[in-house]
Amino acid sequence: MISFFFKLFQKFINYTDIPLLMATIVFVGRSNVGKSTLIYRLTGKRVRRGKRPGVTRKIIEIEWKNHKIIDMPGFGFMAGLPKEVQERIKDEIVHFIEDNASKIDVAVLVVDGKAAPEIIERWEKRGEIPIDVEFYQFLRELNIPTVVAVNKLDKIKNVQRVVHFLAEKFEVPWDEIDKTFIPISAKFGDNVEKLKNRIYEIIRERRGQRE
Ligand SMILES: Nc1nc2c(ncn2[C@@H]2O[C@H](COP(=O)(O)OP(=O)(O)OP(=O)(O)O)[C@@H](O)[C@H]2O)c(=O)[nH]1
Ligand SMILES: [Mg+2]
């Protein structure tokens, strides 16, 4: 009985201390995967969202509680944008992340769970490193804790298969799959709370390491 109340108390402390911490959370991912929609779901802050890829073209900082949320432009294909501009945007994102790596507490790599497996296979067939794989490894190399939001869950038939496919490509060990990949639907809200809790957990772990 006592341990039950103790656990409840601990849980309460863990969840309430979060808004006091200042954290920087970045959202990255290909164009049109739902980064801005997810930010709106998580924070209630309206950021530009759209049907066409390339809606967010600049790095946008949003204040939310004590946190700083950074909405990145999408990388990869963007409707109506020349290849050079797409490359420039990608370089901008890479530089921003490199320059701010020590200040970034969590990166949320958003992927479109429906489209990602096919796109990854297509890139591999061409002998190229898929951009999502490249970004995940880039974040890991910079020691930025990263969680992968496997979005558009409402459109995915076999979630387990998609998650395992991505885990293999991203080289995530089996025992880290569940805490690395969170299938969500930003549009309908499924599992968004779970993702939020995972983000908070990472922030807490990181703070624990620093203190
Ligand atoms: N079916 C479905 N559609 C979604 C989901 N999340 C986002 N979308 C749709 O995907 C489209 C792109 O959403 P955005 O949030 O603008 O995507 P983004 O990643 O910010 O795009 P860029 O700013 O262009 O990089 C919109 O039409 C959203 O309604 C989801 O969970 N399910
Ligand atoms: Mg956007």
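**Before the close-ups.** A residue is called buried when its relative accessible area is under 20%, exposed when it is over 50%, and partly exposed in between, using a 1.4 Å probe and counting protein chains only. By that definition K152, at 18% relative accessibility, counts as buried. This is a predicted model, in which local features need pLDDT of at least 70 and side-chain atom pairs count only at pLDDT 80 or more, while totals for chains, interfaces and linings use all residues. Residues are numbered from 1 along each chain as its sequence is written, chains are lettered from A and ligands numbered from 1 in the order in which they are written, and side-chain values use heavy atoms, with hydrogens and water left out.

**Figure 1. The whole chain, to get your bearings.** The protein chain holds eight helices and six strands. Both kinds of element are DSSP runs numbered from the N terminus: helices are H or I with at least four residues, and strands are E with at least two. Starting at the N terminus, you can follow them in the order α-β-α-β-β-α-β-α-α-β-α-α-β-α. Of the 211 residues in the protein chain, 50% count as buried.

**Figure 2. The end of helix 2 and the side chain of T43.** T43 belongs to helix 2, which covers residues 35-43. With a relative accessible area of 15%, T43 is buried. Look for two polar contacts here (pairs of N or O atoms within 3.5 Å; within protein, one must be able to donate a hydrogen and the other to accept it, and residues adjacent in sequence count only if both atoms are side-chain atoms). A polar atom of the T43 side chain lies 2.7 Å from the backbone oxygen of I39.

Figure 3. K65 is not a glycine, yet its phi is positive, at about 50 degrees. Most residues other than glycine have a negative phi. K68 and E61 form it, with their closest N and O atoms 3.7 Å apart. K68 is partly exposed at 31% relative accessibility, and E61 is partly exposed with a relative accessible area of 44%. I59 sits in the loop between helix 2 and strand 2, and its C-alpha atom is 4.8 Å from that of M72, although the two are 13 residues apart along the chain.

**Figure 4. Helix 3 meets helix 5.** The side chains of K90 and E134 form a salt bridge with an N to O distance of 3.4 Å. Because K90 lies in helix 3 (residues 83-100) and E134 in helix 5 (residues 131-141), the pair ties together parts that are 44 residues apart in sequence. K90 counts as buried at 15% relative accessibility, whereas E134 counts as partly exposed at 33%. Helix 5 also has buried residues, among them V133, F135 and F138. After helix 5 comes N143, with a positive phi near 60 degrees.

Figure 5. In all, the structure holds eight salt bridges. One of them joins the side chains of E128 and R126 at 2.7 Å, N to O. E128 is partly exposed at 36% relative accessibility, and R126 is partly exposed with a relative accessible area of 47%. Elsewhere, R198, E201 and E205 are linked in a network of salt bridges.

Figure 6. K152 has a positive phi near 65 degrees, although it is a residue other than glycine. K157 counts as exposed at 85% relative accessibility. Together with K114, K155 and K187, K157 forms a positive surface patch. Patches are made of residues with over 30% relative accessible area and no salt bridge, like charges being joined within 9 Å; Lys and Arg count as positive, and the charge of Lys is placed at NZ.

Terms used:
Patches are made of residues with over 30% relative accessible area and no salt bridge: like charges are joined within 9 Å, nonpolar side chains (Val, Leu, Ile, Met, Phe, Trp, Tyr) within 5 Å. Accessible areas come from the Shrake-Rupley method with a 1.4 Å probe; for residues, only the protein chains shown count as cover. A salt bridge is a side-chain nitrogen of Lys or Arg within 4 Å of a carboxyl oxygen of Asp or Glu.
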